[in-house]
Amino acid sequence: DLVLVVPRGGRIAGRVLDAEGRPAPPGVPVGALGVGAYSPDEGWRGFGMTQADGRFEITGLGEHVFEVQPGGGLSAYLGETATDVKPGTEDLALRVSLGVALEGTLVDAQGAPVSTTSLSADDGTRRAAMRPYVQVGPDGRFRLQGLKAGPVRLFLMRGSKQGAAGERDPGCPTHRQH
């Protein structure tokens, strides 16, 4: 006689456009973060991806007011944050622009290349969007993209352990990346 009621989550949908007003390419992540909500609050955060026409949808959201931001992840884009967005919004227009890239080689103390499951960068612009990240292969080479010019903090994930990997400035031509 047990009856479980599973609430249907809220939905936010819209379109992501580039600086010229064209649809963003497919695969640009879009994140929604509930204002004042935290894990384990139900539906406190959600993600979607742009389709070929720039449209996106984020489902499973709780009864919060959200900040919504495109860009980050594996994309080359920085996005503007929309605030005070409520579930049920169907026509949200978001803008992205190309960010800068940070390239280098991840090495250990002896200078040997290191591979890792995730190297991510925090440029201080991401609120709802994912941080830019990459997987680093056996040669240790990486290219993080979609960053704001200026200092970024790097984070390294090896196995199940995460830690800070330092700070770099992708806009400084004399800053040695290693």
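This is a predicted model: local features need pLDDT of at least 70, side-chain atom pairs count only at pLDDT 80 or more; totals for chains, interfaces and linings use all residues.
The side chains of Arg-11 and Glu-57 form a salt bridge, with N and O 2.6 Å apart. Now check where the two residues sit in the chain. Arg-11 belongs to strand 1 (residues 10–17) and Glu-57 to strand 4 (residues 55–61), so this pair ties together parts that are 46 residues apart in sequence. How covered up are they? Glu-57 is partly exposed, at 40% relative accessible area, and Arg-11 is partly exposed too, at 30%.

Next, hop over to Glu-103 and Arg-143. They make a salt bridge as well, and their closest N and O atoms are 2.9 Å apart. This one also links distant parts of the chain: Glu-103 is in strand 9 (residues 100–105), while Arg-143 is in strand 12 (residues 141–147), 40 residues apart. Glu-103 has a relative accessibility of 40%, so it counts as partly exposed. Arg-143 is partly exposed as well, with a relative accessible area of 43%.

Asp-18 pairs up with Arg-22, and the closest N and O atoms are 3.1 Å apart. Which of the two is buried? Residues count as buried under 20% relative accessible area, and Asp-18 comes in at 10%, so Asp-18 is buried. Arg-22, on the other hand, is partly exposed at 48% relative accessibility.

Find strand 10, which runs over residues 116–122 and is mostly covered, with 5 of its 7 residues buried. What does strand 10 pair with? One partner is strand 11 (residues 133–136), joined in the antiparallel sense over 3 bridges. Another is strand 13 (residues 152–158), where the pairing is antiparallel over 5 bridges.

Ser-120 is a handy spot for seeing both pairings. In strand 11, its bridge partner is Tyr-133. In strand 13, Ser-120 stands opposite Phe-155.

Methods: Residues are numbered from 1 along each chain as its sequence is written. Side-chain values use heavy atoms; hydrogens and water are left out. Buried means under 20% relative accessible area, exposed over 50%, partly exposed in between (1.4 Å probe, protein chains only). Helices (H or I, at least four residues) and strands (E, at least two) are DSSP runs, numbered from the N terminus. Two strands pair if DSSP finds at least two bridges between them. A salt bridge is a side-chain nitrogen of Lys or Arg within 4 Å of a carboxyl oxygen of Asp or Glu.
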